[in-house]
Amino acid sequence: MSINQWSPQQLQLSLTENQPLLLLDVREPHEYAYAHIQDSILMPLGTLPQSSDSLPKEQAIVVICHHGVRSLQACLFLEQAGFSQLYNLQGGIDAWSVTCDPSILRY
């Protein structure tokens, strides 16, 4: 299975339509504190092996990081752990800030 890539605009449309999505941010706590999408859940990439059991396998999960690299790694890990509705946010929080929500700080 290949990981679905979502543009910031696709995510924004899904959120506008109130689609049931879990926003999973896999950055470090200091990055999340600086800039994050409202209602996203912080679960740093390094903690996924211990904490992914707390995530609902039946729900669509959009994985977020700074530029889309760590989130892709997280998607690959979660896919191996049995999750099937995974979406990697292309360009990460940085692209989200540029194209969808300029109130989110860039770093």
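**Exercise 1. Strand β2 and its partners**

Task: In this predicted model, find how many bridges join β2 to β3 and in which direction the two strands run. Then place β2 in the sheet.

Solution. 
- Step 1. Strand β3 covers residues 41-42, and two bridges join it to β2. The two strands run parallel.
- Step 2. The edge strands are β1 and β3, each of which pairs on one side only.
- Background: strands of a sheet pair through backbone hydrogen bonds, either parallel or antiparallel.

**Exercise 2. The two faces of β2**

Task: Decide which residues of β2 lie on each side and whether they are buried or exposed.

Solution. 
- Step 1. In a regular strand the side chains alternate between the two faces of the sheet.
- Step 2. On one side of β2 are Leu-21, Leu-23 and Asp-25. On the other are Leu-22 and Leu-24.
- Step 3. Each of these residues is buried, and both faces are therefore covered.
- Step 4. Five of the five residues of β2 are buried, so the strand is largely enclosed by the rest of the structure.

**Exercise 3. The buried side of helix α1**

Task: Name the buried residues of α1, and say what they pack against.

Solution. 
- Step 1. Helix α1 spans residues 8-16, and its buried residues are Pro-8, Leu-11 and Ser-14.
- Step 2. These residues cover an arc of only 125° around the axis, which puts them on the same side of α1.
- Step 3. They pack against the strands β1 (4-6), β2 (21-25), β4 (60-64) and β5 (86-89), and against helix α5 (92-99).

**Exercise 4. Positive phi angles**

Task: What are the phi values of Asn-18 and Asp-39, and where in the chain do these residues lie?

Solution. 
- Step 1. Most residues other than glycine have a negative phi.
- Step 2. Asn-18 has a positive phi, near 55°.
- Step 3. Asn-18 counts as exposed, at 67% relative accessibility.
- Step 4. Asp-39 also has a positive phi, near 70°. The loop between α2 and β3 holds Asp-39.
- Step 5. With a relative accessible area of 66%, Asp-39 is exposed.

**Exercise 5. Rings and a charge**

Task: Find how many aromatic pairs there are, and classify the pair of Tyr-34 and Tyr-107.

Solution. 
- Step 1. The count comes to two aromatic pairs.
- Step 2. In the pair of Tyr-34 and Tyr-107, the ring centres are 5.8 Å apart and the planes are at 85°, so the pair is edge-to-face. The cut-off used for this class is over 60 degrees.
- Step 3. Tyr-34 belongs to helix α2 (residues 29-34) and Tyr-107 to the segment after α5, so the pair ties together parts 73 residues apart in sequence.
- Step 4. Both count as partly exposed: Tyr-34 at 42% relative accessibility and Tyr-107 at 36%.
- Step 5. A charge sits over another ring: Lys-57 lies over the face of Phe-83, at 5.5 Å from the ring centre.

**Exercise 6. Contacts of Leu-105**

Task: Which residues does Leu-105 touch, leaving out residues up to four places away in sequence?

Solution. 
- Step 1. Leu-105 is in the segment after α5 and counts as partly exposed, at 46% relative accessibility.
- Step 2. With those neighbours left out, Leu-105 touches Tyr-34, Ala-35 and Ser-97.
- Step 3. Leu-105 and His-36 are 69 residues apart along the chain, and their C-alpha atoms are separated by 8.6 Å.

**Exercise 7. Cysteines**

Solution. 
- Step 1. A disulfide requires sulfur atoms within 2.5 Å.
- Step 2. The closest cysteine sulfur to that of Cys-65 is in Cys-75, 9.2 Å away, which is too far for a bond.
- Step 3. The structure holds zero disulfides.
- Step 4. Both cysteines are buried: the relative accessible area is 2% for Cys-65 and 0% for Cys-75.

Methods: Residues are numbered from 1 along each chain as its sequence is written. This is a predicted model: local features need pLDDT of at least 70, side-chain atom pairs count only at pLDDT 80 or more; totals for chains, interfaces and linings use all residues. Side-chain values use heavy atoms; hydrogens and water are left out. Buried means under 20% relative accessible area, exposed over 50%, partly exposed in between (1.4 Å probe, protein chains only). Helices (H or I, at least four residues) and strands (E, at least two) are DSSP runs, numbered from the N terminus. The arc is that of the directions from the helix axis to the C-beta atoms. Contact means heavy atoms within 4.5 Å. Two strands pair if DSSP finds at least two bridges between them. Rings of Phe, Tyr and Trp (its six-membered ring) pair if their centres lie within 6.5 Å; planes under 30 degrees apart count as stacked, over 60 as edge-to-face and the rest as tilted. A charge sits over a ring if NZ of Lys or CZ of Arg is within 6 Å of the ring centre and within 35 degrees of the ring normal.
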